[in-house]
Amino acid sequence: MENTIAVKVDDLTVAYNYKPVLWDIDLEIPEGVLMAIVGPNGAGKSTLIKAILGILKPIAGSVSIYGKPYEKQRQLVAYVPQKGSVDWDFPTTALDVVMMGTYGSLGWIKRPGQKEKKAALEALEKVGMLAFKGRQISQLSGGQQQRIFLARALVQNASIYFMDEPFQGVDASTEIAIINILKALRKAGKTVIVVHHDLQTVPEYFDWVTFLNVKKIATGPVKDIFNDDNLTKTYGINYKVSIQE
Amino acid sequence: MSSAQIEIQLIASLVAVACAIPGTFLVLRKMAMISDAISHSILPGIVIGFFITHDLNSPLLILLAAFTGIITVVLVEYIQKTGLVKEDTAIGLVFPALFSIGVIMIAKNANDVHLDVDAVLLGELAFAPFDRLIIGGTDVGPKSLWIIGMILLITISLLIAFFKELKVSTFDKGLAASLGFSPAIIHYGLMSVSSVTTVGAFDAVGAILVVALMIAPAATAYLLTTDLKKMLALSIGFGIFSAVFGYWVAHWLDASIAGSITTVLGLVFLLVYLFAPSKGVIAVMYREKQQRKEVSLLTFLLHLKNHDEISERHVKHLNEHINWQKVRSRSVLDLALKNNMIDIENQIVSLTKKGDEFTSKAIDYIITNRDAQIEDMKDDFFLFRG
């Protein structure tokens, strides 16, 4: 796997009130992988994504996207925050939320037009939510809200997708629908990075994995490094995975 | 109407619009209390500005006072960031401190000038037409009309230019940041507009009542629409209506204009709160009652579907079996009959074909939670409207 490096993280340290939540992370994510970030609660999984995207300011270290700082490469990156991070009572429709994905390419002041609307409708169709385009977002189920978020990322037409727990609180059919879309993205050569909780599904869904617990424990292909040893190092208890292929 | 009356209503309406615009975003960002804090803590800014300019309508005074508003926000955030106190506590710590500094400054230095706490807090719209702006010897109208007009113009231009940025950063700060729309810039932009508006409006309606004009119309509009643009339009509409109607209430009652406007704002909110079509208290109560009835109906139909035995389907037995009061059983039976879901023959209840199909579909829906299957049922039943 001597691929191009899509995301490179060097010596990244992030602290909340001088307490490091991520310590000296070095990470290289090759282009075209579907990668899970796993680790216990409070391991800094979401923080890692937010620091890569410049939402949080690290106290040390640097991040590059295809060799350049994130600020120069925004157009290449799409982000799906945790569903719980927004107020779903906000007065807007599903279509409008998806349109927000186009704002990045528009830049300041310029407004979305027909082209952006068309792209948003296409993205809604891809996630099977076209019928709900006019629905107020609080009237959607948890799984539907997650699909809307996914559509909003798809409309950005990025090269790298960061997703923070996209399977949280969704039913089985939505989970399958989402993972199929993620696999399709990988097939199209995109890089997809997912904060993931369900260790059982890691080998089935992902081809790359990063173990994280404040420090990076391991990163690499699932088939090589998803083993009891790394799980134990990450979760601190004796972990037996019975699902290894 | 005299020209002074028209001028007063015009000023009040412009203030209402200038407040409704930032107010809508404050409400959506759950920052209503920040406007209260700003409205108090601009007092020291006004006092200092007044010492320098000796003119309550000077643009320099407005900027200085607005700056105190920004300081309030910064201090609140700083205290909150330490993690030692929560945001509402931080607000409660900062604005009384700044406000009291203003009160002391007035008491120490401004006893003999035209500046007192009442004037700042309550304003006096009735006097606004007396303070004229005279350019080259011509009277071009009341000063406060020009001031609030300018502020409104700036606010509207900013709203049009940055509507999409305001929307995305209000809805999803993380996305806004990752797209390159700095939430901090937008946040402080909004805070600046709110502060300038508060200062610009204080001698018309008073710094305290500005809060009502910012929050009440937006809160009212929020109950009526699920579209941000419509929410803005409705806020503006409620603001103007309350300003004009409040003026006439004050006229009839011979009372404070600002007080009357605020009372009207409160009444408008109360009416909408009670009678709003989908979010209003009465609509919600009605819907819950319907839902209770429909859940009962479904329980009843399911019972019929599960039991072929005659003994289980006798009208009288149903009370005991499903454990309902008589009245409830009666109303459920009536509802089922009215919808042609059941037949009653010799006190024995049985499902009709329609009732049978409906029950299967409803159970299917509850189990799979698939919306598409029940689109056609939604018209008849509240239960499935989510």
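Mentor: The account below begins with the model and its chain and then turns to one hairpin. This is a predicted model, in which local features need pLDDT of at least 70, side-chain atom pairs count only at pLDDT 80 or more, and totals for chains, interfaces and linings use all residues. Residues are numbered from 1 along each chain as its sequence is written, chains are lettered from A and ligands numbered from 1 in the order in which they are written, and side-chain values use heavy atoms, with hydrogens and water left out.

Chain B contains 15 helices and four strands; these are DSSP runs, numbered from the N terminus, with helices (H or I) of at least four residues and strands (E) of at least two. The C-alpha trace of chain B spans about 95 × 50 × 35 Å along its principal axes. Of the 386 residues in chain B, 50% are buried (under 20% relative accessible area, with a 1.4 Å probe and protein chains only).

The part to examine is formed by strand E1 of chain B, residues 132-135, and strand E2 of chain B, residues 138-142. Three bridges join E1 and E2 of chain B in the antiparallel sense; two strands pair if DSSP finds at least two bridges between them. Within this pairing, B:Ile134 has B:Asp139 of E2(B) as its bridge partner. Two residues lie between the strands of the E1(B) and E2(B) hairpin, where B:Gly136 adopts a positive phi near 55°.
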